[in-house]
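Me: Hi! I have a structure open and would like to talk it through with you.

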Amino acid sequence: MNEFKIRAYGRMELAQLYSPELTDIAAYRKMKKLCPGLLQLLYDLGYESKCRSFTPLEVRVIVDALGEP
């Protein structure tokens, strides 16, 4: 099993790691709904909805909230 690495990820790329059985957009929508308040935490870090990727810090926050994919 590959060890998950904290680095910059594309939104869809990270979402697919959490839900590989779904299409990329469906996986992203599901990831946003998995943890109430997660999106607000990301916005507090400076994330904008038009961004197409997550910084390593944002990935850390997501992993802390959802666990490793």
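Here is a short chat about the fold, the surface and one residue.

Me: Before we start, what kind of model is this?
Reply: It is a predicted model, where local features need pLDDT of at least 70, side-chain atom pairs count only at pLDDT 80 or more, and totals for chains, interfaces and linings use all residues. Residues are numbered from 1 along each chain as its sequence is written, and side-chain values use heavy atoms, with hydrogens and water left out.

Me: Thanks! How many helices and strands are in the protein chain?
Reply: The protein chain has four helices and two strands, and their pattern along the sequence is β-α-α-α-β-α. Helices here are DSSP runs of H or I with at least four residues, and strands are E runs of at least two, numbered from the N terminus.

Me: And what share of the residues is buried?
Reply: Buried residues are 29% of the 69 in the protein chain, with buried meaning under 20% relative accessible area (1.4 Å probe, protein chains only).

Me: Switching to Glu58, where does it lie?
Reply: Glu58 lies in helix α4, residues 56-66.

Me: Then what does Glu58 touch?
Reply: Leaving out residues up to four places away in sequence, Glu58 touches Leu42, Leu45, Gly46, Tyr47 and Ser53, where contact means heavy atoms within 4.5 Å.

Technical notes:
Buried < 20%, exposed > 50% of the residue type's maximum accessible area, 1.4 Å probe, protein only.
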